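Me: I'd like to learn how to read a fold from its strands, helices and core. Can you walk me through one?

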Amino acid sequence: MTWFTFSADSLLCRCLGIAITVWFTLLFVFTIVPAVLGVSFGIRRVYMTTLLKVFEWATIRMEMGAKEKNQELYKPYSNGIIAKEPPSSLQQEIQELRGSASCLRSEPEFEMADIFYFCRRGMESIVDDEVTKRFSAQELQSWNLLTRSNYNFRHISLRVTVLWGLGVLIRYGILLPLRVTLAVTGISLLLVLTTFVAFLPNKDLRFYLSEKIHLMCYRICVRALTAIITYHNRENKPKNGGICVANHTTPIDVIILANDGCYSMVGQVHGGLMGMIQRAMVKSSPHIWFERSEVKDRHLVAKRLSDHVADKTKQPILIFPEGTCINNTSVMMFKKGSFEIACTVYPVAIKYDPRFGDAFWNSSKFGMVNYLLRMMSSWAIVCSVWYLPPMNKKEGEDAVQFANRVKAAVAAQGGLVDLIWDGGLKRAKVKDAFKEEQQKLYSKVLVGEQDEGDQSDNTHLEDGNPEEDKNK
């Protein structure tokens, strides 16, 4: 009996050893080697095509099941935006409420009917708030077999339930362990190799090896997310001595861009694992990390950025001017700080495909570890990256105008909604400047001033631009 138990244990250990060996061999051959060489076998593209066919089949089955049960599938708006009529001026709307234009006299006069204008505008903002909806997950046209994005669709039919269960087994039993292994491998190699390269005395050799190590490790991390990225217009890729600005959906935006080229990162010094990675990176590459006390010093930040871009041998700086993550449906206000630097700006538009997994990081709802777990247990991260032509500040153009021009170009290329609002509204209240703006417009109506150009007044104060005020 003892001999039999010993043989069974020995056989089990041997099988486990063979399985681990095969696992790491396949990992090395099909993932790490291609990442080092910068090539792809096309496996992820085939995987994406297969997923699309599965989603299509599941959608058909759900519709059939819903008809059998006399249920109606919930179908959200394709872009989460309710169609609106073109906005009219405050004076025009109050004229309509008062009944005729003759009611607007030159002497100051208040009518109770005016209250209904502000009540209606307030209700419209509550029903279709174009700001806060940007800080929640994007709605899907069809279910992607993830319970985090469904509406109990898995209960519609037995076949869909079985398919969903098989998907859970694949995502958590196969994909998640593989992705965690790749992520640990990529981060470990980054820590070890950048630390080793930092001791090399030759500056040129250190810079060359650092660039290759960063590219290799970022490519491994991209594979850890099963990221399928399509890069467009690579002739416009950011060059040394410039600043790359992009819309911001998730922390992995950095990995998505760094997979195709090296950048100098800008950010606040952190502790823990993130701090270890920052210290290792800065030893071998010119990244810019700020202490917490330095972040609020705009002049110090601007000086360090200017000094960096003045050296044409240094990599382009990567900045996300929105300052927070937006849910991949719009682009919110670009902070003017990075547009005050006298250098070329290279805009980049990033658009994620939510059918395979929601890349948006809702930092008020999920911590970093929880978010990364959700990413690694999704089907894939699929996105497109567009490199836009380089842009420079025009003569007579200030930093705010330049930032808005770049933002409009990014939004147009990525098919995103261009919003004037500050992403900081995710955690802060609306500034008094916007309230005062409406008060001033209404006071003009009361005193009978003609409000020519009132449309433009909606975004500009008499004593300044609210955008500029919010950029400070």
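Me: What is the order of the strands in the open sheet, and how many strands are there?

Reply: Before the order, some ground rules. This is a predicted model, where local features need pLDDT of at least 70 and side-chain atom pairs count only at pLDDT 80 or more, while totals for chains, interfaces and linings use all residues. Residues are numbered from 1 along each chain as its sequence is written, and side-chain values use heavy atoms, with hydrogens and water left out. Strands (E, at least two residues) and helices (H or I, at least four) are DSSP runs, numbered from the N terminus. Two strands pair if DSSP finds at least two bridges between them. Here seven strands form an open sheet in the order β1-β8-β7-β2-β5-β3-β4, and the pairing is mixed.

Me: Which strands are the edge strands?

Reply: β1 (227-232) and β4, since each pairs on one side only. From one strand to the next, the twist averages 25 degrees.

Me: Which strands does α12 touch where it packs on the sheet?

Reply: Contact means heavy atoms within 4.5 Å. Helix α12 (residues 399-414) touches β2, β7 and β8 (381-387), and its direction makes about 35 degrees with that of β7. Such angles run from 0 to 180 degrees between N-to-C directions, with axes taken as lines fitted to C-alpha atoms, for helices over the stretch in contact.

Me: Let's zoom in on β2. Which bridge partners does I243 have in β5 and in β7?

Reply: In β5 the partner is I317; in β7 it is V345. β2 runs parallel to β5 (residues 317-319), joined by three bridges, and parallel to β7 (residues 345-353), joined by four.

Me: Which way do the residues of β2 point, and are they buried or exposed?

Reply: Buried means under 20% relative accessible area, exposed over 50%, and partly exposed in between (1.4 Å probe, protein chains only). In β2 (residues 243-246), I243 and V245 point one way and C244 and A246 the other, and all are buried.

Me: What about β3: which strands does it pair with?

Reply: β3 (residues 264-268) pairs in the parallel sense with β5 over two bridges, where S264 has I317 as its partner. Three bridges also join β3 to β4 (residues 288-290), again parallel, with V266 partnered by I288.

Me: How do α5 and α6 pack?

Reply: Two packed helices are described by the angle between their axes and the distance between the axes. For α5 (residues 158-197) and α6 (residues 203-224), the angle is about 170 degrees and the axes are 8 Å apart. That makes them roughly antiparallel (over 145 degrees; under 35 is roughly parallel, 65 to 115 roughly perpendicular, the rest oblique). Among the contact residues are L182 and L189 of α5 and L209 and I213 of α6.

Me: Which residues touch the most other members of the largest nonpolar core?

Reply: In soluble globular proteins, nonpolar side chains tend to be buried together. A nonpolar core is a set of buried Ala, Val, Leu, Ile, Met, Phe, Trp, Tyr and Cys residues joined through side-chain atoms within 4.5 Å. The largest one has 52 residues, and I229, L257, M265, V348, Y352 and V385 touch the most other members. Its largest share, eight residues, comes from α6.

Me: And where is T226 found?

Reply: In the loop between α6 and β1. T226 is buried, at 11% relative accessible area, and its contacts include R44, Y47 and W379.

Note on methods: Lists of a residue's contacts leave out its neighbours within four places in sequence.
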